[in-house]
Amino acid sequence: MKVNKRIKFLREKLDMTQEQLAEKTGYKTRSAINKIEAGLRDINQSQIVSFAKALNVTPSYLMGWEEREEEIETIAAHHDSYEWTEEELDEIEKFKEFVKMKRNQK
Amino acid sequence: MTYEELIIESKLDHIYELDMSIKGLYCDGVIGISKHIDSKEKNCILAEELGHHFTTVGDILDQRIEENRRQEEIARRWAYRKLIPLEGLIDAHKTHISNLDEITDFFSVPYDFFFNAIQYYKNIYGLFTFCDQYVIYFEPLSISQIY
């Protein structure tokens, strides 16, 4: 996961809006945060520190240098209905295990 | 673009064909595609999963949640743009494609994916749009060169 996606992921996990994050990191508008999260705008070293603080993680975690991502972060499926069958849920669990296994091989 | 071409272009190391009934799964940089579907369908499923790779954040499996449906829709639009770009429609026109079978073969996608892509363009552009030296009409689908 890249820094921009990690920022978005953490912000949403904290139930924070883009406005709130902008305020905490010293940006004037939410559109700056929007661009950063979309990967259209890079952030510099001192901003990494303020983002990490606002998102309650260490700067190195934000950069993705700490490989402690044991849990699944992003998962999506191609599916035509809202309900999952037992068999499909089982397949999803197997796929998650498969992904964790691949991750540990790296 | 065919399924094989899309795999190469994606530059993603972790695309696997798996024995599963779910057609496509994406999880943290790893894509699983059902091996039980034909290559046209694999192509559009792969494109959607790549869309998730580039745009989705979080666990969006529960599609009863509006925000998750929104992210699903964004990934789908990414797939339409990837497999059926406006420039591609013009290329298809230049090869004198005349019917639906030919055009879906040209793009290597199933009928419904093609229709949905055109519907998506219609929703954003209205009845027609300009691209290069051409006008593309979406209903009925036709392309004319501007002189």
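A pocket is an open set of grid points with protein on both sides within 12 Å along at least five of seven lines, and its lining residues have an atom within 4 Å of a point. Keep that in mind for what follows. This model is predicted.

## The second largest pocket

Start with the second largest pocket. Its lining counts 18 residues. Nearest its centre lie B:Leu89, B:Ile103, B:Phe114, B:Leu141 and B:Ser142. Which elements of chain B each supply at least two residues of this lining? They are helix 4 (86-94), helix 5 (100-107), helix 6 (111-125) and strand 6 (141-145). Helix 6 of chain B gives the most, with five residues.

## The largest pocket

Now turn to the largest pocket. Its lining has 34 residues. Those nearest its centre are A:Met1, A:Lys2, A:Lys5, B:Tyr26 and B:His53. From chain A, helix 1 (3-13), helix 3 (30-37) and helix 6 (86-105) each give two or more residues to the lining. Helix 1 of chain A has the largest share, four residues.

| Pocket | Volume | Lining by class |
|---|---|---|
| Largest pocket | about 940 Å³ | nine nonpolar, eleven polar, 14 charged residues |
| Second largest pocket | about 360 Å³ | eleven nonpolar, five polar, two charged residues |

## Where the chains meet

Next, the contact between the chains. The size of an interface is often given as the accessible area lost when the parts come together. Here chain A and chain B bury about 2800 Å² between them. Carbon and sulfur atoms account for 60% of that area. The contact takes 26 residues from chain A and 34 residues from chain B.

How many salt bridges does the rule find across the interface of chain A and chain B? The count is zero. Polar contacts are another matter. Between chain A and chain B, 13 residue pairs are in polar contact, with both residues at pLDDT 80 or more.

Which elements build the side of chain A that touches chain B? Helix 1, strand 1 (75-78) and helix 6 of chain A each supply at least two residues. Helix 6 of chain A gives the most, with nine residues. By class, this side of chain A has eleven nonpolar, two polar and 13 charged residues.

## Salt bridges

Over all chains, a search of the whole structure finds 13 salt bridges. One of them joins A:Asp90 and A:Lys94. Their closest N and O atoms are 3.9 Å apart. Why does this pair count? The pair counts because a salt bridge is a side-chain nitrogen of Lys or Arg within 4 Å of a carboxyl oxygen of Asp or Glu. Both residues lie in helix 6 of chain A. They are four residues apart, about one turn of the helix.

## Two backbone details in chain B

Finish with the backbone. The peptide bond from B:Glu139 to B:Pro140 is cis. Its omega is near -5 degrees. B:Pro140 sits in the loop between strand 5 (134-138) and strand 6 of chain B.

B:Lys11 is the other detail. Its phi is positive, about 55 degrees, although B:Lys11 is not a glycine. Where is B:Lys11 found? It is in the loop between helix 1 (3-10) and strand 1 (15-18) of chain B.

Terms used. Residues are numbered from 1 along each chain as its sequence is written. Chains are lettered from A and ligands numbered from 1 in the order in which they are written. This is a predicted model: local features need pLDDT of at least 70, side-chain atom pairs count only at pLDDT 80 or more; totals for chains, interfaces and linings use all residues. Side-chain values use heavy atoms; hydrogens and water are left out. On a 1 Å grid over the protein atoms alone, a cavity is a set of points where a 1.4 Å probe fits but cannot get out, and a pocket is an open set with protein on both sides within 12 Å along at least five of seven lines; lining residues have an atom within 4 Å of a point. Grid points are joined across faces, edges and corners, and a volume is the space filled by probe spheres set on the points. Ala, Val, Leu, Ile, Met, Phe, Trp, Tyr, Cys and Pro count as nonpolar, Asp, Glu, Lys and Arg as charged, and the others, Gly among them, as polar. Contact means heavy atoms within 4.5 Å. Buried area is the accessible area (1.4 Å probe) that two parts lose on being put together, summed over both. A polar contact is a pair of N or O atoms within 3.5 Å; within protein, one must be able to donate a hydrogen and the other to accept it, and residues adjacent in sequence count only if both atoms are side-chain atoms.
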